[in-house]
Amino acid sequence: MVLSDHDIKIELASGRIMLEPFDEHLIQPASIDVRLGRDFRVFRNSSHVFIDPQTHQPDLTEQIVVGADDAFVLHPGQFALGTTLERIAVPDDVLGKLEGKSSLGRLGLMIHSTAGYIDPGWDGQITLELSNVASLPILLRPGMRIGQISFERMSSPVDLPYGSPELGSHYQGQTGATAGRPLEAPRP
């Protein structure tokens, strides 16, 4: 069941869902808007000839932090990582789903390609997978509303929330735009 604005407010007031910094104007009828942070990661195309998902490539991306009054320019066809301004935490019986804002999607901005799922037990900032599919550059300004998170109540609490040691959760507690971690090699 998707939580309504009424239920989202109850979850926020009780501390079960956490969003900080919080602004009550971010609450929508069935979601909470999230804003863009200042931290980005761009790929170093000039120093790498390929990406190997099973190899640790620590210098594959470089961090760019824009000033509070500046903008990050996302060029046509460019892919970059960004982050939400807000830290988000959800309990073990609620999951979140990140989606883009329709007004930005209509300009050609996609904010995630696969990582729109916020597992029960998650705590941290959300890394955004930013793509510009338009034919003109898009200016991304820190603090702008970049996406929205809807919440669904689970049928029961999960046995192993995200961040449980048994899961090896790579991104629990992340801050800023976080580069990908290597995938496990396939088992024979």
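Guide: Quick ground rule: two strands pair if DSSP finds at least two bridges between them, and strands (E, at least two residues) and helices (H or I, at least four) are DSSP runs, numbered from the N terminus. You're looking at a predicted model, in which local features need pLDDT of at least 70, side-chain atom pairs count only at pLDDT 80 or more, and totals for chains, interfaces and linings use all residues.

Visitor: OK, which strands stand at the edges of the open sheet?

Guide: That sheet has 4 strands, paired antiparallel in the order 2-12-7-9.

Visitor: Which residue in strand 9 is the bridge partner of Gly96?

Guide: Strand 7 covers residues 94-100 and runs antiparallel to strand 9, with 2 bridges joining them. Across in strand 9, Gly96 has as its bridge partner Ile118.

Visitor: Within what arc do the buried residues of helix 1 fall?

Guide: Buried here means under 20% relative accessible area, exposed over 50%, and partly exposed in between (1.4 Å probe, protein chains only). In helix 1, residues 5-14, the buried ones are Ile8, Glu11 and Leu12. Going by the directions from the helix axis to the C-beta atoms, they line one face of the helix, because they fall within an arc of 100°.

Visitor: What is the relative accessible area of His6?

Guide: His6 sits in helix 1. Along with Ala13, His6 is on the face turned away from the buried side. His6 counts as exposed because its relative accessible area is 52%.

Visitor: How many residues of strand 10 are buried?

Guide: Strand 10 has partners, among them strand 6 (residues 79-89), antiparallel over 8 bridges, and strand 8 (residues 109-110), antiparallel with 2 bridges. Strand 10 is largely enclosed by the rest of the structure, because the buried count among its 10 residues is 9.

Visitor: And what separates the C-alpha atoms of His6 and Gly124?

Guide: Gly124 is in strand 10, where it stands opposite Ile88. Along the chain, His6 and Gly124 are 118 residues apart, and their C-alpha atoms are separated by 24 Å.

Technical notes:
Residues are numbered from 1 along each chain as its sequence is written. Side-chain values use heavy atoms; hydrogens and water are left out.
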